[in-house]
Amino acid sequence: MVTGPVQQSSLVARPSAAPHHPIGLPGEPRPAGLAGDVHAFGRAVTVAPTEPRWREEVLLRLRPVGHGFAEHVRVTEGPAGLYRELLTQSPRLAHGVRLLTREHAGIIAAILAVQRVAERPEVHPAEVRHRAGHLLRRLARHRRRGADLLWEAYQTDLGGET
């Protein structure tokens with residue numbers, strides 16, 4: 001069973017870090033933490049690339065995604081991380097844990113790929129959007145798989161009480 005709280009994203013008002021917030025209204029409710037950062041990044045990518053400072057805004061919104069994902073990796077893969085707890089409580093989930101761990105490297109590479117193309121002004125905005133879309137799909141898939149694994153670990157009845 002879970003020995004500590006499992007963090008779930010919630011809908012909260014997050015203050016804007018910058019005075020100018022073209023992605024939404026300051027204080028607009030959005031998911032907290034990494035989910036909120038991913039949401040803000042996705043919104044930045046969808047703004048018309050002809051907008052002034054579009055690339056800068058994409059890069060600005062990508063930075064917290066990179067930091068948040070690095071923290072996610074630390075919390076899940078660390079010595080006292082969630083994956084170790086899952087394997088201790090439910091060794092049958094080893095394959096799912098290995099899959100999620102392998103995805104981490106691919107997602108980090110995708111974050112760096114978006115950063116590299118967005119930093120180069122000669123790269124067409126369509127390429128930036130293509131890479132960003134790839135990253136967003138990988139993050140969404142990883143989040144679903146992680147949620148499914150947690151559900152399987154803590155909600156599946158393996159033949160106990162009825």
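Predicted model: local features only at pLDDT ≥ 70, side-chain atom pairs only at ≥ 80, totals over all residues.
## A look inside a helical model

Let's start with helix α1, where the residues A35, G36, D37, V38, A40, F41, G42, A44 and V45 are buried.

How far can you trust the picture? The chain averages a pLDDT of 84, and 77% of the residues score at least 70. Go carefully with residues 1-25, though: pLDDT stays under 50 there. The model has 41 contacts beyond four places in sequence for that stretch.

**The cores**

Now back to F41. Along with L135, F41 has the most contacts inside the largest nonpolar core, a group of 22 residues. Helix α2 gives the most, with seven residues. Apart from this core lies another one, of nine residues, including Y83, V97, L100 and L149.

What does L135 touch? Leaving aside neighbours within four places in sequence, L135 is in contact with F41, L62, I107, A110, I111 and V114. As a general point, nonpolar side chains in soluble globular proteins tend to be buried together.

**The salt bridges**

The structure holds five salt bridges. Here are some of them, with the N to O distance for each.

| Pair | Distance |
|---|---|
| E71 and R74 | 2.5 Å |
| E103 and R145 | 2.0 Å |
| R131 and E127 | 2.8 Å |

In general, side chains of opposite charge can pair when their charged atoms come close.

Take E103 and R145. E103 sits in helix α4 and R145 in helix α5, so this pair ties together parts that are 42 residues apart in sequence. Is E103 buried or exposed? E103 counts as buried because its relative accessibility is 10%, below the 20% cut-off. R145, at 33%, counts as partly exposed.

E71 and R74 are three residues apart in α2, so about one helical turn separates them. E71 is partly exposed at 37% relative accessibility, while R74 counts as exposed at 52%. In α5, R131 and E127 are four residues apart, which again means about one helical turn. R131 is partly exposed, with a relative accessible area of 31%, and E127 is partly exposed too, at 28%.

Why does that spacing work? An α-helix has 3.6 residues a turn, so residues three or four places apart point the same way.

Notes:
Residues numbered from 1 in each chain as written. Heavy atoms only, no water. Buried < 20%, exposed > 50% of the residue type's maximum accessible area, 1.4 Å probe, protein only. Helix = DSSP H or I, 4+ residues; strand = E, 2+ residues; numbered from the N terminus. Core = buried A, V, L, I, M, F, W, Y, C linked by side-chain atoms within 4.5 Å. Contact = heavy atoms within 4.5 Å. pLDDT = per-residue confidence, 0-100. Salt bridge = Lys/Arg side-chain N within 4 Å of Asp/Glu carboxyl O.
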